Amino acid sequence: MSNQIEESQQQSPDSTENHQCNDDGDFVDPWTVTSSSQSGPDYDKLIARFGSARVTDDLLKRFESALPAGTKLHHFLRRGIFFSHRDLEPILNKIEKGEKFFLYTGRGPSSASLHVGHLIPFIFTKWLQDTFDVPLVIQLTDDEKFLWRGLKIEEVKKHALENIKDIIACGFDVKKTFIFTDTDYISKSRAFYENILKIQRLVTFNQVKGIFGFGDSDCIGKIAFPAIQAAPSFSTSFPQIFGTGSKCQLCLIPCAIDQDPYFRMTRDVAPKLKYPKPSLLHSTFLPALGGAMSKMSASDANNSIFLTDTANQIKNKINKYAFSGGGGSVEEHREKGGNCDVDVSYQYLRYFLDDDDHLEQIRCDYSSGKMLTGEIKKEIITVLQELVAKHQQARKEITTEIVEQFMTPRELNFVNTSTTTTTTK
Ligand code: TRP
C-alpha cells in the first residue's frame, strides 16, 4: 500500500484516488487499519476523505419511524457505531413503502477463530434482517485471503468453514440467508461469474491502483479480486434467490469502513451495468485490548477477546491487557476521574452493553472518579463472559447439515416485490 498523504472531498464518481491515509497518522484500507491516537481514527476526517456521509440525527429519526411498531433502533445506531453511510435514503424509501431490498455482508477467512470485533457487522446485519424481514447473502472471500495472506487453498477453505459456523451462531434465519465461499460459489454459478466478468471489463488497472494502491509488483490475482467482492452487491448474481432474467434489487451493505474502497468501485460501475448502486452503512472499529493504537490481530492472542476464550481467559485478559483511561493511582483517579474516550473497557461496553441507562451510569461514575478501573473492568468482564458463553453454546449446535443448508444455492423465503432496473449487456 502506498503511504502517500491525500486529502479529498466529496466527489463523483465515488472512487478516483487513493484515499487511505492522511496527515494525522491514521491509515485505513481493506488490509490495514492503524491509528496514531489512543481514541482511534478520526472518523470525521475519514468521512471527508472517503466522500461518504455521516449518519445524522435526522436520518436516525427517519430510520426510527420506519421501524415496525415496538422495535427500538439498534444501539449500534443510537451510539454512532454505524456512523457513516452512502445512499441510505433509497433504502429508507423502500422500507417506508413496504418494499423489499436485500442485505449483503462478508468476512475474509484469514484465521479459524474470530474475535469479538468480527461479530459487529454480523450482530447488526442480523438485527436488520429480523427487523425488516429481508434476504441476506454472506460472502466468505477465501480467494482474497489466499491471495493476500500466503495461505494454502485448503487452509483458507477450512478457515471459511469454521468462520461460517461462527456466523450462523449469530442467529441468522436459514430461510432468508445464503452463505457462500467464493471458491465454491464461482464453480456453481454462471450468473455470479458473468457479473464478475462484466465488472472486470469496466475497471482499468489504473483505477484499481488509485482506489487500492496496488503496485506493479502486486500479483494479478489481487488486481482482479475487487470485482469478486463487488459482484454480490448485484442481485443478478443470485438467480436462485431473485429469479432469472431478473431485475436488480436494491442492496444494503453493512460493513466496517475499511471495506469502503471495494464499494466505491462497485458504485462506479453499477450505472454502466444499469444496476442500482449498493447502499452502505459503515461501522467504526472496535479497539484492540491494548488500545486503539495497537493492532487487533488474530496472531496476538492477548490483544483481543476470541470467541473461543474461556470465562477465565476473558477475565485475565481484560484485567491484564485492557488499556485503562483511569488515573495512575487511586488518589489521582478519585480526584481527576477516568477518560472514557480511551478506556478500552468503557469502549467495549459501548459496543456490547445494550442497556443505555446502565452505560450512562457507568460513564458518569467512571469519569467522575467514583468508579475505579478494577470496577469498570468487572463490568465488561461480565458482559463479555456472557456474550462469549452464549455464542459458544449456539455454535455447538451448528452441525455440518446446518452449514450445508445455509450454503446451498436455493430460493429464499421472502416476497419478491418491486424492483429498479433491468439487466442488460
Ligand atoms: N474483504 C472482507 C474482509 O476481508 C470480506 C468481505 C467480502 C466483506 N464481502 C464483504 C465485508 C461485504 C463486508 C461486506 O473481511
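How far is a nitrogen atom of the ligand from an N or O atom in the side chain of Tyr 104? The distance is 2.9 Å, and the table sets this pair beside two others, each a polar contact, that is, a pair of N or O atoms within 3.5 Å.

| Side chain (N or O atom) | Distance to a nitrogen atom of the ligand |
|---|---|
| Tyr 104 | 2.9 Å |
| Glu 144 | 2.8 Å |
| Gln 229 | 2.8 Å |

Taken alone, the ligand exposes 370 Å², of which the protein buries 91%; these areas come from the Shrake-Rupley method with a 1.4 Å probe.

This is a predicted model, in which local features need pLDDT of at least 70 and side-chain atom pairs count only at pLDDT 80 or more, while totals for chains, interfaces and linings use all residues. Residues are numbered from 1 along each chain as its sequence is written, and side-chain values use heavy atoms, with hydrogens and water left out.

Around the ligand there are 14 residues, each with a heavy atom within 4 Å of it, and those that come nearest are Tyr 104, Gln 139, Glu 144, Gln 229 and Gln 259. By class, the shell has four nonpolar, seven polar and three charged residues. Two or more residues each come from β5 (102–107), α6 (142–149) and β9 (251–256), and β5 gives the most, with four.

Arg 86 lies in strand β4 (residues 82–86) and is buried, with a relative accessible area of 4%, where buried means under 20%. A polar atom of the Arg 86 side chain lies 2.8 Å from the backbone oxygen of Phe 50.

Notes
Polar contact = N/O pair within 3.5 Å; in protein donor to acceptor, adjacent residues only side chain to side chain. Nonpolar A, V, L, I, M, F, W, Y, C, P; charged D, E, K, R; others polar. Buried < 20%, exposed > 50% of the residue type's maximum accessible area, 1.4 Å probe, protein only.
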